[in-house]
Amino acid sequence: MTDLQIQGEVAPVDATLTGPAPQEAIHHAPTWQDRTRSVIKHILLIAASLIMIYPLLWLVASSLRPTEVIFRTPGLWLNDLYVENYTKGWYSLSYPFGQYIINSFIVVVGAIAGNLFACTLAAYAFARLKFRLRGLWFAIMLLTLMLPFHVVVVPQYILFNALGFVNTFVPLILPKFLATDAFFVFLMVQFIRGIPRELDEAATIDGCGHWKIFSRVMLPLMGPAIATTAIFTFIWTWSDFFTPLIYLTDPIAYTVPVALRSFLDATAGSNWGAMFAMSVVTLIPLFLVFLFGQRFLVKGIATTGGK
């Protein structure tokens with residue numbers, strides 16, 4: 001036999017060494033019990049979804065009805081589209097409703113900028129820097145999560161009133177630049193702890209200090225956590241009613257939630273149709289932010305502390 005023939009031969013394989021051949025997965029056809037269980041599960045899920053979304057659908061339907069028939073018809077069927085609620089609601093207050101939307105956007109943008117600036121710096125300090133009593137200060141920061149906001153309302157109001165900041169947007173924005181939202185600090189700390197320290201060490205070898213490590217290494221990797229912080233800050237600040245109600249007394253400075261309250265009058269008839277119409281308008285930014293930021297929100301929560 002030639003060398004080529006010897007090399008082309010394949011040695012037989014002993015079946016006792018390899019074991020039995022793997023069997024292909026056998027898929028059984030679903031039985032009637034499986035189909036019944038699946039149908040019941042989907043019916044319950046659809047019913048629960050309709051129950052949860054019904055108030056929102058009723059709000060939209062009521063915004064297209066005259067005020068005098070809103071509470072007479074709990075259903076969703078519309079006989080006529082009363083779009084005058086939107087035009088009346090836009091101009092029925094002291095200023096056009098667009099003024100209050102602009103005010104809310106100013107507060108929201110300032111709050112997002114403050115949280116992203118202060119919380120990222122505080123989180124980097126807790127996660128990477130070594131200083132005395134770091135664990136104690138981090139524990140105190142976490143304890144503030146259990147402190148109700150109403151406990152500090154009076155001291156904060158006295159302080160801002162003494163500084164002349166009442167009836168301005170400063171009390172709504174300035175605390176965000178002081179890393180007062182401990183939840184976002186904790187969120188970013190857990191995210192940074194999941195980033196390998198070898199990246200810090202490599203940057204240090206290249207001559208980078210803490211500021212360059214933070215700005216050139218950490219920030220680009222903290223995209224999901226930053227997006228989560230921005231989305232939550234937008235939703236919570238846009239929907240906040242209590243804080244603007246305390247500090248804003250001039251109608252021209254009202255935010256959207258406070259302006260919506262102005263449609264209600266305890267002494268005269270309340271314009272429910274206009275209020276519902278403007279409520280639908282104010283829900284549009286929240287819907288759009290959640291719609292386009294949902295993937296960043298899920299990725300930021302899923303990767304926090306688990307890289």
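Y54 has its place in helix α3, where helices (H or I, at least four residues) and strands (E, at least two) are DSSP runs numbered from the N terminus. The model is a predicted one, in which local features need pLDDT of at least 70 and side-chain atom pairs count only at pLDDT 80 or more, while totals for chains, interfaces and linings use all residues. Residues are numbered from 1 along each chain as its sequence is written, and side-chain values use heavy atoms, with hydrogens and water left out.

Y54 counts as partly exposed because its relative accessibility is 32%, given that buried means under 20% relative accessible area, exposed over 50%, and partly exposed in between (1.4 Å probe, protein chains only). Together with I46, L50, I53, L56, L57, V60, L76 and L283, Y54 forms a nonpolar patch on the surface, with about 720 Å² of accessible area in total. Helix α3 (residues 32-62) supplies the largest share of this patch, seven residues. Patches are made of residues with over 30% relative accessible area and no salt bridge, like charges being joined within 9 Å and nonpolar side chains (Val, Leu, Ile, Met, Phe, Trp, Tyr) within 5 Å; the areas come from the Shrake-Rupley method with a 1.4 Å probe, and for residues only the protein chains shown count as cover.

In the loop between α3 and α4 (84-91) one finds I70, which counts as buried because its relative accessibility is 0%. The C-alpha atoms of I70 and L59 are separated by 9.7 Å, the two residues being eleven apart along the chain.

How many salt bridges are there? The count comes to two, a salt bridge being a side-chain nitrogen of Lys or Arg within 4 Å of a carboxyl oxygen of Asp or Glu. One joins D200 to R128, with the closest N and O atoms 2.6 Å apart. Since D200 lies in helix α10 (residues 197-205) and R128 in helix α5 (residues 97-128), the pair ties together parts that are 72 residues apart in sequence. Both D200 and R128 are buried. A salt bridge also links the side chains of D181 and K176, at 3.2 Å from N to O, and K176 is buried, with a relative accessible area of 18%.

Helix α10 also packs against helix α11 (residues 210-221) at an angle of about 150°, with the axes 10 Å apart. Axes are lines fitted to C-alpha atoms, for helices over the stretch in contact, and angles run from 0 to 180 degrees between N-to-C directions. The helices α10 and α11 are therefore roughly antiparallel to each other, since angles under 35 degrees count as roughly parallel, over 145 as roughly antiparallel, 65 to 115 as roughly perpendicular and the rest as oblique.
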